[in-house]
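Come along and keep the structure in view.

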Amino acid sequence: MQRQAIAVSGRLSPMPLFRALWLGALALAFVMVQALMAQARPESLAPLAEQISPSVVNITTSTVIEGRTGPQGIVPEGSPFEDFFREFQDRNGQGDRPRRSSALGSGFVISEDGFIVTNNHVIEGADEITIEFFSGEKLVAELVGTDPNTDIALLKVEADEPLQHVPFGDSDTARVGDWVVAMGNPLGQGFSVSAGIVSARNRALSGSYDDYIQTDAAINRGNSGGPLFNMDGEVIGVNTAILSPNGGSIGIGFSMASNVVIRVVDQLQEFGETRRGWLGVRIQDVTDDIAEAIGLKSTTGALVTSVPDGPAKDGGMQDGDVILSFAGVDVADTRGLVRQVGNSPVGETVRVVVFRNGETVTLRVTLGRREEAEGAVPAVAAPEEGPAEAETKDVLGLTLSTLTDELREQLGADADQEGLAVVEVDETSEAFEKGLRAGDIITEAGQQKVNSIGEFETRLDDVKEAGRKSLLLLVRRAGDPRFVALSLAE
């Protein structure tokens, strides 16, 4: 026993051995991580640039514009220098003659038979469009079609041989932080490559169909219409705009997402124009107080403020409905619904689930075409006999009055406009805080039409008896409707 104890004490303690093994494993793991990072971020983007460059093009447009129409001289009439100055103007093309103006942009080839994608604003109004390839070859392009809503244009060139082209990628898989490469013709300097990351996704600038990828890859004037590539050489965006105080890149650029561009390009190829689905409603987002006022458990969906003549009205949709689902897809907000409808085929019959009076109702709506419905005027309700004299009432910080012909004329409303006029708004009230102003017209209260003070008070009492904390109003200003929920707390 004594000898055994001595033998054990003479062996290496297991603790230092374990520590050594652990440090060795950690070092190996660190080396492996470095190797993986090196693979994820190549030392050079040159192989990728060489692969995709032949598919990127420079675009030059030419447009004839009118000569100057403003004051031409800078010397007094009758001056001995007048003839000299006029001759100088004519020699330098500054007279009244029409002159030709050119602009620069970028684009990329998407098929071997010569289809090219760029921005609409690059070629808008152009009389002649010239495509310059990476090899230096130049070809004249024909315009196939444009979509101002997404600022996308499709061109076509005729080449003797198949053209090298690039595929579209799935922009929905792009993650914030992924590496991207932008190519184009910045400031007319010729083919140029810049790299950066995806800074943000799903950016909206000004359009209903906006879905921009934000990137810090350098984008300048002349890059418009050029491609934004992922590391697989796939186009995930079309470089469209920059945010800049000086016109140069400050690292905030925007590229229209490829999944939007693909749908537009497919339609332009097939029809020469876009054909978007049209539901035929005016909508607004659901806020917390609006949800509470109508008994909706969440703020998802799109609140219908107006249903003019069109597909939705034919399908039974009503003012005040909240669209919860469209064609089997849950509606998150108004922006999501607009894109869902626009991406749906014209003439398709879809199921639309709405929330109405505390219950869900399923409607079947056959979609129209948005482009044909642009500028459609909402339907006007049939006129009803109004009160002979105006009646006023102060309620919820509002001074309300029944509509008379005189009031309608003062407010610029139609002769058959119904509702209650807002004569005055208490500036300390919630109504003022939420944007109600004198001159607004309230057409509904508690999702019911109101044409008199008595009807308004009845709706107010009904809401209180139902245990609601707020009253939902449908307010029109210059014809534009929106819902506002006012708290009933004293």
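Predicted model: local features only at pLDDT ≥ 70, side-chain atom pairs only at ≥ 80, totals over all residues.

Entry 1: I started with Asp-394, which counts as exposed because its relative accessibility is 58%. Asp-394 sits in strand E21, covering residues 392–395.

**Entry 2: the overall picture.** Next I stepped back to the whole protein. I counted 13 helices and 27 strands. Of the 490 residues, 41% are buried. The accessible surface comes to about 26,700 Å², and carbon and sulfur atoms hold 50% of that. I also looked at contacts with a separation of 6 or more: 62% of them join residues 24 or more positions apart.

**Entry 3: a salt bridge across the sequence.** How many salt bridges does a search of the whole structure find? My search turned up 17 salt bridges. One that I looked up joins the side chains of Asp-211 and Arg-339, with 3.0 Å from N to O. Asp-211 is in the loop between strand E8 (192–203) and strand E9 (212–215), while Arg-339 belongs to helix H9 (residues 334–342), so this pair ties together parts that are 128 residues apart in sequence. Are the two partners buried or exposed? Asp-211 is buried, because its relative accessible area is 4%. Arg-339, with 22%, is partly exposed.

Entry 4: I stayed with H9 and asked which of its residues are buried. I noted Thr-334, Leu-337, Gln-340, Val-341 and Gly-342. What do the buried residues of H9 pack against? I found five names to write down: strand E13 (277–278), strand E14 (282–285), strand E15 (302–306), strand E16 (322–326) and strand E17 (329–330).

**Entry 5: a network of charges.** Back to salt bridges. I found a network of them linking Asp-147, Glu-273, Arg-275, Arg-276, Arg-369, Glu-371 and Glu-372. I looked up two pairs among these residues.

- Glu-273 bridges to Arg-275, and their closest N and O atoms are 3.4 Å apart. Glu-273 is partly exposed at 30% relative accessibility, and Arg-275 is partly exposed at 32%.
- Arg-369 and Glu-372 meet through their side chains at 3.8 Å, N to O. Arg-369 is buried, since its relative accessibility of 14% falls under the 20% cut-off. Glu-372 is exposed, with a relative accessible area of 64%.

**Entry 6: a look at one valine.** Last, I picked Val-361, which is found in strand E19 (residues 359–366). Val-361 counts as partly exposed, at 24% relative accessibility. Which residues does Val-361 contact, leaving aside its neighbours within four places in sequence? I listed Val-352, Val-353, Val-354 and Arg-356. I also checked Val-361 against Ile-323, which is 38 residues away along the chain: their C-alpha atoms are separated by 9.6 Å. Ile-323 was the stopping point for this page.

Terms used: Residues numbered from 1 in each chain as written. Heavy atoms only, no water. Helix = DSSP H or I, 4+ residues; strand = E, 2+ residues; numbered from the N terminus. Buried < 20%, exposed > 50% of the residue type's maximum accessible area, 1.4 Å probe, protein only. Contact = heavy atoms within 4.5 Å. Areas by Shrake-Rupley, 256 points an atom, 1.4 Å probe, with all protein chains shown as cover. Salt bridge = Lys/Arg side-chain N within 4 Å of Asp/Glu carboxyl O.
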